[in-house]
Amino acid sequence: MKVERCRVEAIGTKARDTARLETSIMVRSWVNTNPATQGITSVQLRLVEDELRIAIHGAAQGDPFNWGEVAVEAIYAENASSRRGMAFVARYHFGFLDTLIEGNVNAGLLVLAAFHTFHDGSHRSNYFSREFFHEVSP
């Protein structure tokens, strides 16, 4: 039996293509539905010169921690024929830790999945977290 090899390449909608997707359901301020979270407390998504940007604030052992703002790497539509952006990917690099953020808006909530990878030799386990956010009134 002959096995054929195929090449698979992962691609996404680059952040620079933001202008082609409608992002208004994401562009707003969000706060965690759990006020006692020890993770991400609030998120702001904003459009700056056709680039979607994310700013995250968290709680580090009970103290506020500003993650800063980064450009969203990729934006995804509801389906292949849709122009409505509803999900995104962003990365934070903290030196000792990298965090991949995957977010989507569903039923009026922002759902963030975070994949945390340690690079500091501490032997801590890499971990996953998921949190839910509701819109903050302007």
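1. Phenylalanine 118 has its place in strand β8; helices (H or I, at least four residues) and strands (E, at least two) are DSSP runs, numbered from the N terminus. The model is predicted: local features need pLDDT of at least 70, side-chain atom pairs count only at pLDDT 80 or more, and totals for chains, interfaces and linings use all residues. Residues are numbered from 1 along each chain as its sequence is written, and side-chain values use heavy atoms, with hydrogens and water left out.

2. With a relative accessible area of 17%, phenylalanine 118 is buried. Buried means under 20% relative accessible area, exposed over 50%, and partly exposed in between (1.4 Å probe, protein chains only). Phenylalanine 118 lies 4.5 Å from leucine 97, C-alpha to C-alpha, although 21 residues separate the two in sequence. Neighbours within four places in sequence left aside, phenylalanine 118 is in contact with Phe96, Leu97, Arg124, Ser125, Asn126 and Tyr127, where contact means heavy atoms within 4.5 Å.

3. The largest nonpolar core has 24 residues. Such a core is a set of buried Ala, Val, Leu, Ile, Met, Phe, Trp, Tyr and Cys residues joined through side-chain atoms within 4.5 Å. Val43, Leu45, Ile54, Phe88, Ile101 and Leu110 have the most contacts inside the core. Two or more residues come from each of β2 (40-48), β3 (51-60), β6 (85-93), β7 (97-106) and β8 (109-118), and β6 gives the most, with five. In soluble globular proteins, nonpolar side chains tend to be buried together.

4. Apart from neighbours within four places in sequence, leucine 45 is in contact with Met26, Val27, Arg28, Trp30, Leu52, Arg53, Ile54, Val72, Phe88 and Leu110.

5. Seven aromatic pairs are found in a search of the whole structure. Rings of Phe, Tyr and Trp (its six-membered ring) pair if their centres lie within 6.5 Å; planes under 30 degrees apart count as stacked, over 60 as edge-to-face and the rest as tilted. Tryptophan 67 and tyrosine 92 form an edge-to-face pair, 5.1 Å centre to centre with 85 degrees between the planes. This pair links tryptophan 67 in strand β4 (residues 63-71) with tyrosine 92 in strand β6, 25 residues apart. Both residues are buried.

6. Tryptophan 67 also forms an edge-to-face pair with phenylalanine 94, at 5.4 Å centre to centre and 90 degrees between the planes. Because tryptophan 67 lies in strand β4 and phenylalanine 94 in the loop between β6 and β7, the pair ties together parts that are 27 residues apart in sequence. Tryptophan 67 is buried at 15% relative accessible area, whereas phenylalanine 94, at 24%, counts as partly exposed. Ring pairs link Phe65, Trp67, Tyr92 and Phe94 into a cluster.
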